[in-house]
Every structure is written in C-alpha cells, then in structure tokens.
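Keep the picture open while you read.

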Amino acid sequence: MARHLFDGTGTLVRFVLRRDRLRLPLWIGSFAVVSVIIALAFVGLYQNEEERQAMAETMQNPAMTAMLGPGYGVDNYTVGAMTAHEMLLMTAVVVGLMSILLVTRHTRTDEEDGRIEMVRSLPVGRLSNLLSTLLVLIGANVVLALLTAFSLAALGIESMDLEGSLVYGSALGASGIIFAGVAAVCAQLSPNARSTLGLSIMVLLLSYIIRAIGDVTNETLSWFSPLGWILRTEAYVNNYWWPILMTVAAALLLMGLALYLNSIRDLGSSFLPSRAGKAEASKSLLSPFGLALRLQRTGLIAWGAGLLLIGASYGSVLGELELFFEDIDLMQQMIVQTEGFSLTEQFIPILMAVMAILGTIPVLLAVLKLGIEEKNDRLEHILSRAVSKNQLMGGYLAVAILTGFAMLSLAALGLGLVGNAVLEVPLSVGMFYGSGMAYLPAVLVMVGVAAVLIGWAPNLTSAVWLYLAFSFVVIYLGGLFQFPEWMGKLTPYGYVSEIPIEEMNYLNAAILIIVAVILTAIGLLGFNRRDIGR
Amino acid sequence: MTVLRTIDLTKKFGDFAALDGVNIEVGKGEVYGFIGPNGSGKSTTLRVLLGILKATEGRAEIFGKDSWKDAVEIHKRVAYVPGEVNLWPNLTGGEVIDLFVKLRGGNHLDRRQELIQKFDLDPTKKCRTYSKGNRQKVALIAALSSDVDLYVLDEPTSGLDPLMERVFQEYVVEAKKQGKSILLSSHILSEVEKLCDKVAIIREGRIIETGTLKELRHLTGPILLVETKEPITALEEIKGVNGIQQKGQALSFQVDAGEVDQVIRYVSQFGVTRIESSPPTLEELFMRHYEGAGKAMESGAGGES
C-alpha cells in the first residue's frame, strides 16, 4: 500500500533532530554569527563611501568575478551590496556543504552501517527515513534563512533593510535545500557513503566552476548552475525573489526523484555499480612511507589545490593593492612601512605568513595521522612485521615534510604567477618562491612539536593546533593589536625572514632546522619507548 | 628446543595489573593453546611478545631474543594475526595482503592465489565493505603466506564460518607437520582441543593451569547426560558426582575423572535408555578450578597449582 511508504516519518523526524541536537544548532548558528561579524567588519573597515567605492574598483576584474560572482550595485557600493557581493557565494557553498554532509550522514552512512536495516525492520515505511531526513534539512535551512535574515536586519545598518536581509538569508537557505536534494539523489546512485559524499561535492564544485566560467565569459552558461541562480537575487540592491523560488522548485524536483529512486531499489543496492579495486598492490604502496602517503593522498591533493587557489586569488588582487591601501587606514596599521619597497612588496610576507600557517594544517594532519592509525588499532599490523618504530614514524614524518614543501611551493607559485599577470611591473617569480620557502624551517619546527606530542603525550596531540592558532594570531594580527615584540618570538614563524623586504637570514633558518631535528629526535625516542595502542 | 617463552611476565596499566607473573613456554613444532575468558590477558600477553607493549617486569623472549629490543629481527620469522582486525577502509583486501607480506620481509610462500581461493575472499573489494570474517581472512591469508617459524594467532577463527574454520585448521596442521610452532589464543575449548598439544589457561592475568589437554581433562572429567527407565535416586550421594541438573527427561551431571567407572555402574541399575558424554567446556574447567581453590583455602593447605 502506497500510503504505508511513509509510516513513522514523524517519529523519525524527531529521531533525526535528537541525533543532531548539537550539530544542527552549531551549523545554523555559526552561519548567522559569521554573517553578522562580516557585515560589522565591513562597516568598520570602510568608513565612508569613497573607501567602499575604491573597494568596488578593486572588485571589478575577471578574477574576482570568477571567484565571487558578477558585481552588481557597484555604482553605489553600500555595505549591504558589499556584503552580498563578497559573501553570498562563498557562504552559499558552505551551506550547500552542510546539507551534503548531513544528508549523507542520515542516508548512505546509516545504510552502510546497517542502522537503516534495523529501523526498517520496525513498522516504518520504506521511504520514511529519506523523507524524514529531507524534512529536517528543509526545516533547518528555513531556520538558517530566517535566523541569518533577522540577525542581519537587527544590526540596523542603513543599507541592510529587512527585505534585503530576507532575500540574502533565503538565498543561503535555498542553496542548502537544493544541495540537500542533490545529496539525496547521489545517495541513491552511489554504492557507499564515501562516494555519495564525493559525487555530491563534485556537483557542488562543478556548479561553482560552471558559474565562474559563465560569469566571466558567457552568462548563459551560469544558468546551468544553481549557484549561478542564487547570485541573481542581487540582495540589498534589487532583491529579486524569483531565483529563490526557482531554486526551491528545482530542489523539490530533485527530492521527488530521490524518493522515487529510493522506492525502486533494494536496501544496500545502488544504481551506479561499485567499482572493483585492485587485486594486487602497486609497488609504491609497499612501504611504511608508501602506505602513509596513499592513505592521505586524496586529502593532500585537495589541500594542495586549495593553497594554489588561495595563492592565485591573493595574486589576483596584488595589482590593486596600492590603490586599496591608500584608502584604508586600518590596512596601513597592519604593516610597518619600510623605505624603498612598494606596498605590494611589503604585503607579500604577510600573505606568505598566512598561507604558510594555512599550509601547516595538512602538514600537521600528516603527522597526527599516525595517532589516528594507532587509535584505530592499525599500527599493530605494521609493527608486528619487520618494521621498526623509526621506520614507521619516519614514513609519516617524511610525508609531512614533503607536504610542507609542496604546500609552500604551490601557494608561492600561485601568488607569484597570477600576481605577475596583473602587476604592471612584474616581480621576480624566484623572489616569490624564496619568500614562500623561507617558511619551510618554521613548518619543520611544527612537525617536530607534533612528533614530540605523538612520542610522549599521544592523548594531547591536539595541543599542536592551539600552538598553530596562537602563531596565527601573533603573526597575522600582531601588528594590528600592537603585541610586544617578544610574543612574536614564541612561535617559529616569528623567526622567518620577510622576503623581499628583508634579506634571507640563513643563521635563523639553520637554527630553526636544528630545533626541528632535535624535537623530531625527541619524538622518535618517546615513540620507541612507549606502548603502542589505545 | 624453546621457541617462545615468558618468565614472570608482568604488565601494569597504571595500577591495574593486566598480567601478573605469566609463564608460558612453546617448543619447536608445538601447537600451544592459550585460553581464557575475554579480558583475561591473552591479547596483552601476545602484544608484549610482539614488542607492541613493553613488559613492566619479567621477560618475554622469542627465538631466545628479547621481544621488545629485538622486535624487528624477531618479526622476520613470526606471523601474527591480531584479535581485532581493523583494516584501512580505502585499500582493497588484495592490496593489504601484499602490503603485509612485503612489510614482513624475509621469505614468503608462493601461495597467495591458493589461499585466496581456499578462503573464498574477493581481493578486489575495499576493506570498508568487508565483514568481520572477511577482515579476519585478509589477516590470515597474509600470515599463512609468510614462510615463518612461529605463528602467533589471537582468536584467529572469530567471525569465520565452520567451513572456513576447517580450512584454517588444515593449514595449522600442515604448518605443524613442517615443524613450525604455533601459539593460538582462544576462548573456545573445542578449537584448542582439535589442534593443540599443550594448553595454558589464563584468568585475570594469571596462568591457572598448564599442561597437555589430557592432563587438564584429568582434573575434570566428562559431563554425562543420562536418561533411564526408572528415576535415578540418591545420585548426589555418589562420590565424584557434581552439578546435577534436570534436562527434560534426562539428568545431566559432571563426573570426576577417577570415578567414572563407579558412577556408570551405579546408574546402570536404573535401566539406561540414553547416555551422552561430552568433554567439559572451558567454563566448567574454570568452575572446577574455583571449587578446587575454594577447598584448598578452606583446608588451609595452599597446594601447588
């Protein structure tokens, strides 16, 4: 009986809410908080119309259009227009990601782990699980839309009225709803949770890329991307509602399709076949290093692409920096003026520091992967064979060091190559690369710190993230907050030469490397002395 | 010739003594069963022997070398299957087998294909899709394709179906014939019975019995299930009868090893229609051990265990 397909949906909705009672409020709340903080930051950052207009000029180039979408309302670049133009797309992508993660969690992941089988053995409809997940996601995105809208409207910023805020919030919510639909369809197509996630995120990225190409070259192309639609809302300027209605309608069609596909497939089956993997291992896998690299390959490639992109996007604004700085007082406080160098050159070390600290994240992840392997009881397999602890940990350290080298290279090249393309007087690419590589010794010290924690305090490894966060605050915001100089010396990044405004200090670099080696050796010693296992 | 031994092996986690003076010894060509309930210290002992955990006190040696210091050297000649086999979700079974065999170093037997067929494993599937039994097979295939002198197997058949258990037992018998030594932990007595020459029983970190199975059986004696025409009377008064239970029409009870003859004679008076004898289970061995310990304490004579 068709009507029994949805029995128990109400109960399951409550169950989903119960399981996500922390997760959902955290996701939703953080979108509202971040939106408010950014809007307020824009108010503080740009004191008057001239400053905003200068920013609008900076935004008028193809690189920015590709990244953030076509500019609108640039003749009168109000705080509202600015917030919507610079934040809507990026926030919408993250909202989409939230929906994808949540839908996957409640569909394929539960199915793979056998939880849906248990639920289905109860008097519950065949489609109730999917429907309840979708209902929760729709509800969550509506709440997200309203909360963001009212929070922004409550700020009382002149250019951010209630209607504009509602359009802005609803555009975010619509993005969340349509990617919930996308993930729901992908969950029917893919054989497991991992490929559901992969396929959905691929759709999200493709939407972003198609829109980027479309916005720069031919606008018709942007109509094939849901992210292209929601950008057409032009919140705070024209406040169009039709793109939102269109997105939600498309989302409902996708959800209907997902429900239909779910109704005609068996539990555990999929429409895409699960690909057979390799029956034999390739040579490159057969060592502790090869294994460590293989386990992290996908993540490292993603991080590498991300840093290249960040480098490139910083590079794309290098040309406008001079203009930008002249107009904004706050930015001038962030860097100490040095005679004989252009503002662009002075800004390069700051950009490099930020990217180096960002690039340290995958490096630390690579070291801490060893701890994750230990917690999952998989080190036993390796250590019960003819592999010493030094070889094992050495494999992970080697992956980390290579990662550091690759991340800094990609970020520096992205910045340098794109930067030179937009600068009127190009700088040497070698200088950009050197400026990035100058950070490698500091990154190695962080590797050493992580190694010490793995070796001696495996339960406290997350402390290294605090240290990295501290380094970020001190290095990036130190100038702004006028921190005393010694604070900068508490982090390895504080000893790095600021190329091109400083000469390379090889002594400091050598000392950092020695410290890194000593720390790593201490870490290895601890790892060799202690028990392995939880 | 001793292949593996522990001498007063003690392992403490904080204040908790997981192992408290464990002594075991495995000779060349011996299949040694190591039995005990969950959490008794079996896996801890094996992990110390493999140099994954460090002994707090006492010694653990394999091939006369120290388990902790010479771990890498020892492992070239040892194959280990952990109790809980966790694999990498995004590698295939085939890749993991190759990795394990390669990391062992040393020699390996050229029978990967044969083992994969015998154990009926699909090596092209990612480990995330494997059931517990299939993960166990991956670890077993990797262990059995290694040409080593000692196999350390921690509950190797958990999760395997009876058919696969048989395949496993065939390989153990074959290894034994070739003079290899095997240390096999289990909480299933019947498995140990089929394969092992010697047995050690561990409980709460202490070895409570060691010896050949025959010697251990001697301590206990069979469980009889008897159905008679007339009800058996005054059975509880017969020497050597314990734990009488009514099982439908029949009576079930345990008989002390030395008293079997007497008891059978007594029971037969009542016209036996059905009689079944089964070896004591691990639980019964334990129960027995406690009773023994209790009596010893009551009489105040702390006997040798």
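## A helix pair in chain A

Let's start with a crossing: α2(A) and α5(A) cross in a right-handed way. Keep in mind that everything here comes from a predicted model. Helix α2 of chain A covers residues 23-45 and helix α5 of chain A covers residues 79-112; they pack at an angle of about 160°, with their axes 10 Å apart. That angle is over 145 degrees, so α2(A) counts as roughly antiparallel to α5(A).

Which residues of the two helices make the contact? On the α2(A) side you'll find W27(A), F31(A), S35(A), I38(A), A39(A), F42(A) and V43(A). Facing them from α5(A) are V79(A), M82(A), T83(A), M87(A), T91(A), V95(A) and M98(A). Sort the contact of α2(A) with α5(A) by class and you get 11 nonpolar, three polar and no charged residues.

## Another pair further along

Now jump ahead in chain A to helix α18 (residues 389-422) and helix α20 (residues 440-456), which pack at an angle of about 150° with their axes 10 Å apart. That makes α18(A) roughly antiparallel to α20(A). The crossing of α18(A) and α20(A) is right-handed.

From α18(A), the contact uses L397(A), A400(A), I401(A), G404(A), F405(A) and L408(A). From α20(A) come L440(A), V443(A), L444(A), V447(A) and A451(A). How many nonpolar, polar and charged residues does the contact of α18(A) with α20(A) have? There are 10 nonpolar residues, one polar and no charged ones.

## Chain A as a whole

Time to zoom out. Chain A has 23 helices and zero strands. Its radius of gyration is 25 Å, close to the 24 Å that the globule rule gives for 534 residues, so chain A is as compact as a globular protein of that length. Along its principal axes, the C-alpha trace of chain A spans about 80 × 70 × 40 Å.

## The sheet in chain B

Over in chain B, six strands form an open sheet, in the order β6-β7-β8-β3-β9-β10, and the pairing is mixed. Which strands stand at the edges? They are β6 (78-81) and β10 (206-212) of chain B; each has a single partner strand, so one side of each is left without a neighbour in the sheet. From one strand to the next, the twist averages 15°.

Take a look at one end of this sheet. Strand β9 of chain B (residues 198-203) is joined to β10(B) by six bridges, and the two run antiparallel. There, I201(B) stands opposite E209(B) in β10(B).

## Helices lying across the sheet

Helix α1 of chain B (residues 42-49) lies across β3 (31-35), β7 (150-154), β8 (181-186) and β9 of chain B, and runs at about 145° to β7(B). Helix α6 of chain B (residues 162-177) lies across β3, β7 and β8 of chain B, running at about 145° to β8(B).

## Where the chains meet

Finally, how many residues of chain B are in contact with chain A? The count is 28 residues of chain B, in contact with 26 residues of chain A. On the chain B side, the elements that give two or more residues are α2 (71-75) and α3 (93-104). The largest share of that side, eight residues, comes from α3(B). By class, the side of chain B that touches chain A has 11 nonpolar, seven polar and 10 charged residues.

Definitions and conventions. Residues numbered from 1 in each chain as written. Chains lettered and ligands numbered in written order. Predicted model: local features only at pLDDT ≥ 70, side-chain atom pairs only at ≥ 80, totals over all residues. Contact = placed C-beta atoms within 7 Å. Helix = DSSP H or I, 4+ residues; strand = E, 2+ residues; numbered from the N terminus. Nonpolar A, V, L, I, M, F, W, Y, C, P; charged D, E, K, R; others polar. Pairing = 2+ DSSP bridges. Axes fitted to C-alpha atoms, helices over the stretch in contact; angles between N-to-C directions. Parallel < 35°, antiparallel > 145°, perpendicular 65-115°, else oblique. Left-handed = near helix turned anticlockwise from the far one by under 90°. Rg over C-alpha atoms; globule rule 2.2 N^0.38 Å.
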